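Hello,

Here is the structure we talked about. Please open it alongside this note.

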Amino acid sequence: MTDQTAESIPIEKPVKPKGPLVYRQSIFTRVTHWVWVVALFFLLLSGLQIWNAHPALYIGEQSGFEFDNTILAIGAENTDQGVRGFTTIFGHKFDTTGVLGVSEARGRQNFIGFPAWATIPSTRDLATGRVVHFFFAWILVATLAIWLIASLANRHFWRDILLKPRDVAGLPKDLVAHATFRFHHGRSYTPLQKLSYFVVLVILFPLIILTGLTMSPGMNAAWPWLLDVFGGRQTARTIHFAVMVLLVLFFVVHIAMVLLAGPFNELRSMITGYYRTSPGTEPDAKETSK
Ligand code: HEM
């Protein structure tokens, strides 16, 4: 009988089956993606600076004292407990002291819509906010145009973004898979990924650009039809803000999904282009099967 204690028996780690390493993200997808990350960061914070110059939103062609079309307002008011910050959404008023309306900056109370830490620059400076915002807005327009031309040419748009009937049919199953954190790593995106990237790239980005242009007096002269399409400058401004909120929500879910799906593999694909797929995925002829 051999004398083998538990310590001397070599423990073999189970080898996780791996699928092939495929080239999934083209250079155009990767470069435009990281430019958007930088541009959207500056657009969001400089946008909040501009918004603070008039922290209210309206629906309709006009705004003013004689109108009752405010849907969101942030401000400060004197109360028995001192100055308090408030936010009113569709007529419902909330005390938001500390964050919205009244916040602290450099040890002093600041009576401002969004707090100093959420704006670029962090002091009240509308002119600089506008310069930063318009600079990155044109970067977004240019990179979206480059992305669209490249994605049509290399078929990324057709293969990964546009939902085909079989993707639509697969949506409920993919929704359950994502909700239960069972991720499939394939050659292309899953139906839910296609849908969310389609919404961002084909609906939200163009919408935020067009509503931004609708707020420009120069564009009103050149393309007056934009005002008709979006129901006036105030409604365009409200849609612009709402799309910003949707993009922030997308960002939160997007980062959560990247972290849950395997951040190393996901980030490698968006940096080098190469992605480790689930077992059973067929590699293309020019791809490695390491
Ligand atoms: C500013 C916010 C962001 C937006 C609007 C955004 C948007 C997008 C879009 C539209 C795609 C699909 C691109 C295409 O296929 O052409 C994508 C993919 C991806 N993004 Fe982002 N992204 C953002 C931030 C980030 C950040 C901060 C990270 C990393 C931590 C990240 C990691 C990824 C990865 C890994 C993919 C590929 C996902 C996959 O293979 O399913 N994204 N993103």
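Below is what turned up, starting with the ligand. Keep in mind that this is a predicted model.

**Ligand shell**
The ligand is surrounded by 19 residues. The closest are Thr29, Leu40, Tyr197, Glu266 and Met270. α1 gives the most, with five residues. By class, the shell has 12 nonpolar residues, five polar and two charged.

**Helix α2**
Helix α2 covers residues 126-153, which is 28 residues. At 1.5 Å a residue, α2 should span 40 Å. The buried residues of α2 are Gly129, His133, Phe136, Leu140, Trp147 and Ser151. They pack against α1, α3 (156-161) and α5. As background, an α-helix has 3.6 residues a turn, so residues three or four places apart point the same way. Just after α2, Arg155 takes a positive phi of about 70°.

**Phe181**
Is Phe181 buried or exposed? Phe181 has 9 other C-beta atoms within 10 Å. The cut-off for exposed is 12 or fewer, so Phe181 counts as exposed. Phe181 sits in the loop between α4 (165-179) and α5. Its C-alpha atom is separated by 29 Å from that of Val35, and the two residues are 146 apart along the chain.

Best wishes

Note on methods:
Residues are numbered from 1 along each chain as its sequence is written. This is a predicted model: local features need pLDDT of at least 70, side-chain atom pairs count only at pLDDT 80 or more; totals for chains, interfaces and linings use all residues. A residue is near a molecule or strand if its C-beta atom, placed from the backbone, lies within 6 Å of it. Helices (H or I, at least four residues) and strands (E, at least two) are DSSP runs, numbered from the N terminus. Ala, Val, Leu, Ile, Met, Phe, Trp, Tyr, Cys and Pro count as nonpolar, Asp, Glu, Lys and Arg as charged, and the others, Gly among them, as polar. A residue is buried if 20 or more other C-beta atoms lie within 10 Å of its own, exposed if 12 or fewer, and partly exposed in between; C-beta atoms are placed from the backbone. The expected span of a helix is 1.5 Å times one less than its number of residues. Two residues are in contact if their C-beta atoms, placed from the backbone, lie within 7 Å.
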